[in-house]
Amino acid sequence: MYRYLTLFLLTLIACSPETSYPEVAKWAGQADNVTIIRDDFGVPHVYGKTDADAVFGLLYAQCEDDFRRVERNFTWAIGRLAEAEGEDAIYSDLRAKLFMTKDEAKMNYQSAPDWLKKLCVAWADGINYYLHTHPEVEPKVIKKYEPWMTMYFTEGSIGGDIERVSTRKIKAFYEGEKLAEEINEVDYFMEEPKGSNGFAVSGDLTESGDAMLLINPHTSFYFRGEVHAVSEEGLNAYGAVTWGQFFVYQGFNENTGWMHTSTYTDVIDEFKQTILEKEDGLYYQYGEEERKVEVKEVTLKYRVDGSMKEKTFPIYRTHHGPITHEVDGKWTATALMWEPVKALEQSYIRSKKKNLAEFNEMMDIRTNSSNNTVFADSEGNIAYYHGNFIPIRDEQFDYTQPVDGSNPATDWQGLHPVEEAITVMNPLNGWIQNCNSTPFTSAAQYSPKKEDYPGYMSRIPENFRAVHAIGLLADAKGLTIDKMIDLAYDPYLPAFEKVIPGLIAAYDQAPDVSISGPIEVLRNWDMRTGVESVGMTLAHFYGMNLYRYAEVPEDLIGMDRFNYFGTDLSEADRLDIFIKAITEVEERMGNWNTPWGEVNRFQRKDGSIDLQFDDDALSIPVGMTTGRWGALAAYGMRSSQDTDKIYGTRGNSFVAVVEFGNKVKAKTILAGGQSGDSNSPHFYDQAEMYANQQFKEIAYYREDVEARAEETYKPGKR
């Protein structure tokens, strides 16, 4: 009786113009099938009868935690960002429409299997029910969420492949303008690198004899929340969810765990088109054929001084993809993975796989284009997949540059099956690592061999994080969850192995009493980061100033580029740049003799997406540092900060260590806290823990969740 009375009362609540009474009744009915348990860290454990119920509750809970990030992600994804952020964002919106218009998104949704459509409907309903039950929350752009919108955001990376398509070039082409100048290299090097670490170790190296997995994405802080979604249809996934998505992107279930690192497999290619203008429209040359250019039109809105304006653009496409820019005066199409239905299927069913065999089968969908995957399971297996969506190409052509699209031989020739891709399965050394680095050192001497694969499968060089990881894992034994955490936060910084001795050698050749104090600190520094380390402060600013001021041969990249500063840069330049670094520290902090923890800080003032920092406001010291120096536990800033102190904006965000066995166990940490609401007790409750590398034990099994329950409720009843 109570259930029906509740439904009746909810349908009497005043509906917004976007909703109807039957919709509200439907949402309330589905909410009755969902229970949300918030644990003592505010993590939502969402229980539903069906997968669709769990998705409904998961999106409702995400909106409770950080609706503005849910909203922003999908406003960006569906191409309506300029309606909120102004005309500068219109080329991001145009980019989205170049690859898929609204009508095409709807057609993709309609073509999806019924089970997936149910999840897409539940996704929209969960968000809409949140908005209905929280009338004080005013959406900026999307007033009502619709199932087809999920087709635009099908995997959980930061932007995914489409973000690599230059809006600067799109603007130049579609506006008929001169190409704007690209960001300068200094800005690039001041930014914290994008990337992640994933380790898998077999039971041979653990105290328990069970496999373990390190999940260590280096993302923008607050880009993902920590969630647990459970259904009576076999879903029981725990981990990090990118705000607004209905699948656990990096995480685990009782039997399998998956960690994604950004891949540098070649998954995006550019094809120069030979365009022919005829009376009945545009054509492009393709071998002996003249094919019709697909032409559409899209009208985009953008905000100006509180009012809305419109701009109409043409859209041009060939079979290679949309025309995104010009190269050498030729229209150029960009080809990338764009199969939204299959991609969304793969992202979701990944979380329900029970062992390596099932996981391999899922990987053969081959739409996970922007990621490598590190894997472990309860049967003791560990594995690594370098990329997943890998087009087959004719290697006589150089795909690092735009190729001639009029030559059919340059076309992609299907996709490599998983068995042809670079993979590692249960290596005899007992460990696998990937730190956005070459796969050819991923498992020591048991790594894949470069000569066995096409060059386009991996061009990424080694990096300092991978060097660091390999050295630690080579000596690993008797690992526990806590020992794996210690390993993942090891403070050593291999990037300085040549740079600091090179500076000391330069000083010893030309001693200068004015800098003898800082030099002696570095002479005695153990190349380890920490809040008390003055050497860390000096080394950091020296490294950054080397990037700013030192001239480097253009062909040097990665580790070779930084090592050059210590071995081949002139000794005079080393000393001059070190003096600049000392001066910068003194100007920022008042004294060169400043411990790293006084410089490097964590601050979270509010839930804003565009983070702002204040040297006079509350902050706490952080001993971590940028991944550029080989820090596994990365912590870095954006280049546009104008404060004297450094405030982290990306790096270690959600981190988990998982141990499989008869029962899965894990510890996790989240930057700041689960909630984006500064009034919530879970906005800042993990900040000190995060800074001090103190992880929390997670509750996975229902009895453990209930034992730590802080609040239990139905959507709409909180």
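User: Which residues is L356 in contact with, leaving aside its neighbours within four places in sequence?
Analyst: With those neighbours left aside, L356 is in contact with F375, D377, N381, A383, Y385, M425 and N426. Please keep in mind that this is a predicted model.

User: How far apart are the C-alpha atoms of L356 and M425?
Analyst: They are separated by 9.4 Å, while the two residues lie 69 residues apart along the chain.

User: Where is L356 found, and is L356 buried or exposed?
Analyst: L356 is found in helix α11. Its relative accessibility is 10%, and residues under 20% count as buried, so L356 is buried.

User: Now S370. Where is its place?
Analyst: S370 sits in the loop between α11 (356–363) and β17 (371–377).

User: Is S370 buried or exposed?
Analyst: S370 is buried, because its relative accessible area is 9%.

User: And what does S370 touch?
Analyst: Not counting residues up to four places away in sequence, S370 touches E155, S157, G160, D161, T261, S262 and T263. With one of these, E155, there is a polar contact between the two side chains, at 2.9 Å.

User: Let us change topic to the helices. At what angle do α2 and α3 cross?
Analyst: Helix α2 (residues 21–31) and helix α3 (residues 51–77) cross at roughly 105°, and their axes come within 10 Å. The two helices are therefore roughly perpendicular to each other.

User: Which residues make that contact?
Analyst: From α2 there are W27, Q30 and A31, and from α3 there are A52, D53 and F56. By class, the residues of this contact are four nonpolar, one polar and one charged.

User: What about α14 and α18, at what angle do they pack?
Analyst: Helix α14 (residues 496–509) and helix α18 (residues 571–589) pack at about 105°, with their axes 9 Å apart. That angle makes α14 roughly perpendicular to α18.

User: Which residues of α14 and α18 meet?
Analyst: On the α14 side they are G502, L503, A505, A506, Y507 and Q509, and on the α18 side E571, R574, L575 and F578. This contact has six nonpolar, two polar and two charged residues.

User: How many residues are in the largest nonpolar core?
Analyst: The largest nonpolar core has 101 residues. Those with the most contacts inside this core are W123, I127, Y145, Y174 and F246. Helix α3 supplies the largest share of the core, with 14 residues.

User: What is I127 in contact with, its neighbours within four places in sequence aside?
Analyst: I127 is in contact with L59, C63, F67, V70 and Y145.

User: How many residues does the second, separate core have?
Analyst: The second core has 66 residues, including Y222, A240, L473 and A687.

User: Last topic, the backbone. What is the phi of D328?
Analyst: D328 has a positive phi of about 55°, although D328 is not a glycine. This residue is in the loop between β15 (321–327) and β16 (330–335). With a relative accessible area of 68%, D328 is exposed.

User: And what is the phi of A444?
Analyst: The phi of A444 is near 50°, which is also a positive value in a residue other than glycine. The place of A444 is in the loop between β21 (431–434) and α12 (464–474). A444 counts as partly exposed, because its relative accessibility is 30%.

Note on methods:
Residues numbered from 1 in each chain as written. Predicted model: local features only at pLDDT ≥ 70, side-chain atom pairs only at ≥ 80, totals over all residues. Heavy atoms only, no water. Axes fitted to C-alpha atoms, helices over the stretch in contact; angles between N-to-C directions. Helix = DSSP H or I, 4+ residues; strand = E, 2+ residues; numbered from the N terminus. Parallel < 35°, antiparallel > 145°, perpendicular 65-115°, else oblique. Contact = heavy atoms within 4.5 Å. Nonpolar A, V, L, I, M, F, W, Y, C, P; charged D, E, K, R; others polar. Core = buried A, V, L, I, M, F, W, Y, C linked by side-chain atoms within 4.5 Å. Buried < 20%, exposed > 50% of the residue type's maximum accessible area, 1.4 Å probe, protein only. Polar contact = N/O pair within 3.5 Å; in protein donor to acceptor, adjacent residues only side chain to side chain.
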